Amino acid sequence: MPFSEPYPLFYTQPGNEQKGEALLPARAGRIREICFIREICDFMATALQNLSTYDSAGFTDISEKRFGLVVAEWNRELTDTLSNGAYETLLKHGAKPENIFRNTVPGSFELTLGAQLLAQHDEMDAVICLGVVIKGDTKHDDYICHAVAQGLTTVGLKYNKPVIFGLVTTNTLEQAWDRAGGRHGNKGVEAAVAAIQMLGF
Ligand code: DLZ
């Protein structure tokens, strides 16, 4: 039930609709309270769950760390925003510009190979992969997202270093912008934060 609509004062017991049996007002009030709490929890789980607001108090020193950014060119305007968010976040927390290596790949599917080509270098400390996959008429998004999730996990485990999954996967373009500097933060910032946190693990 939408948040703005008032809940009915009386609820009929399931199965007793024909008898017209209504719950006592006190019970209806309690149910309304529970529904309200659920609405709040749902809202918090979606709208407020992002790392774009984070506590950097315990961050490890990254002034000598080297970061690889792998950025998909598909949905370029969006991925540029993610990339800038990640880059600025790394600088903000002490990384040197000359230690951040930005590379592009054609689409998100290629993030895995791009990550591997960077991660294989001993001097690379963490790799941050950024892409945007928007659902279309076919199941391409499923295939890409699963392949990337699996691929990046494998690369991280193979080279024993953080390989960050900064893939925005949405149903619509609007939802993607919400996560690329919009009301749900910037997932590029969050990806950089995740890399820093893992370097301090
Ligand atoms: C082909 C394709 C499609 C349909 N959609 C996206 C997308 O939403 N986001 C993205 O990053 N890449 C997409 N691609 C391109 C694939 O990731 C890949 O580059 C091509 O299939 C070539 O391997």
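Author: The residues of the shell around the ligand divide into 8 nonpolar, 6 polar and 1 charged, where Ala, Val, Leu, Ile, Met, Phe, Trp, Tyr, Cys and Pro count as nonpolar, Asp, Glu, Lys and Arg as charged, and the others, Gly among them, as polar. This is a predicted model, in which local features need pLDDT of at least 70 and side-chain atom pairs count only at pLDDT 80 or more, while totals for chains, interfaces and linings use all residues. Residues are numbered from 1 along each chain as its sequence is written.

Around the ligand there are 15 residues, of which Trp 74, Gly 107, Ser 108, Phe 109 and Val 133 come nearest; a residue is near a molecule if its C-beta atom, placed from the backbone, lies within 6 Å of it. Two or more residues of this shell come from each of strand 3 (126-134) and helix 4 (140-159), and strand 3 gives the most, with 4 residues. Helices here are DSSP runs of H or I with at least four residues, and strands are runs of E with at least two, numbered from the N terminus.

Turning to the packing of helices, helix 2 (residues 76-92) meets helix 6 (residues 187-199) at an angle of about 40 degrees, with their axes 6 Å apart; axes are lines fitted to C-alpha atoms, for helices over the stretch in contact, and angles run from 0 to 180 degrees between N-to-C directions. Helix 2 is therefore oblique to helix 6, since angles under 35 degrees count as roughly parallel, over 145 as roughly antiparallel, 65 to 115 as roughly perpendicular and the rest as oblique. Among the residues that make the contact are Thr 81, Leu 82 and Ser 83 of helix 2 and Lys 187, Gly 188 and Val 189 of helix 6, two residues being in contact if their C-beta atoms, placed from the backbone, lie within 7 Å. The residues of this contact divide into 7 nonpolar, 6 polar and 1 charged.

Ser 52 lies in the loop between helix 1 (25-47) and strand 1 (67-72), and, leaving aside its neighbours within four places in sequence, Ser 52 is in contact with Gly 185, Asn 186, Val 189 and Glu 190.
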